[in-house]
Amino acid sequence: MAKILLGFIIVLAAVAVATMAEGCDKDREDMIRECKKYEMFPATPKIDPSPACCAVWQRADIPCLCKRVTKEVEKEWCMEKVIYVAKYCGKPFNPGYKCGSYTVPSVAQ
């Protein structure tokens, strides 16, 4: 009985880890599809995002997405525009929040 219970716990742990690893894959895909054109370099002009992009922002797991922001991602995605779009869509970042290596300034740009 103990071996069965231990096996069950191991399976549950493996499923939990796998789920966490892909936890925001759909959000990432949706963000790329709906918001990429509003959040890419150059830093100007800042364009108001579409309702579809804002819908993604409203439901996305932003902490999960931010954990996936690498230096390579930051070379393509303009973090100032990301902050702008988030604020426009009603889901602003708090000052000091870290998304990848980018820290949200105390005065949003």
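A disulfide is a pair of cysteine sulfur atoms within 2.5 Å. I looked these links up in a predicted model, where local features need pLDDT of at least 70, side-chain atom pairs count only at pLDDT 80 or more, and totals for chains, interfaces and linings use all residues. Residues are numbered from 1 along each chain as its sequence is written, and side-chain values use heavy atoms, with hydrogens and water left out.

**Count.** I found four disulfides. Counting bonded cysteines along the chain, I read the pattern as 1-5, 2-3, 4-7, 6-8.

**Cys-24 and Cys-64.** I see their sulfur atoms 2.1 Å apart. The link is left-handed, with -70° about the S-S bond. It joins distant parts of the chain, 40 residues apart: Cys-24 sits in the loop between helix H1 (2-21) and helix H2 (25-39), Cys-64 in helix H4 (residues 62-67). I took helices (H or I, at least four residues) and strands (E, at least two) as DSSP runs, numbered from the N terminus. Both cysteines are buried. Buried means under 20% relative accessible area, exposed over 50%, partly exposed in between (1.4 Å probe, protein chains only).

**Cys-35 and Cys-53.** Here the sulfur atoms are 2.1 Å apart. The S-S torsion is about 120°, so I noted this disulfide as right-handed. The pair links helix H2 to helix H3 (residues 51-59), 18 residues apart. I found Cys-35 and Cys-53 buried.

**Cys-54 and Cys-89.** I noted a torsion of about -70° about their S-S bond, so the disulfide is left-handed. Cys-54 lies in helix H3, and Cys-89 in the loop between helix H6 (79-88) and strand E1 (98-99). Cys-54 is buried at 12% relative accessible area; Cys-89 is buried at 9%.
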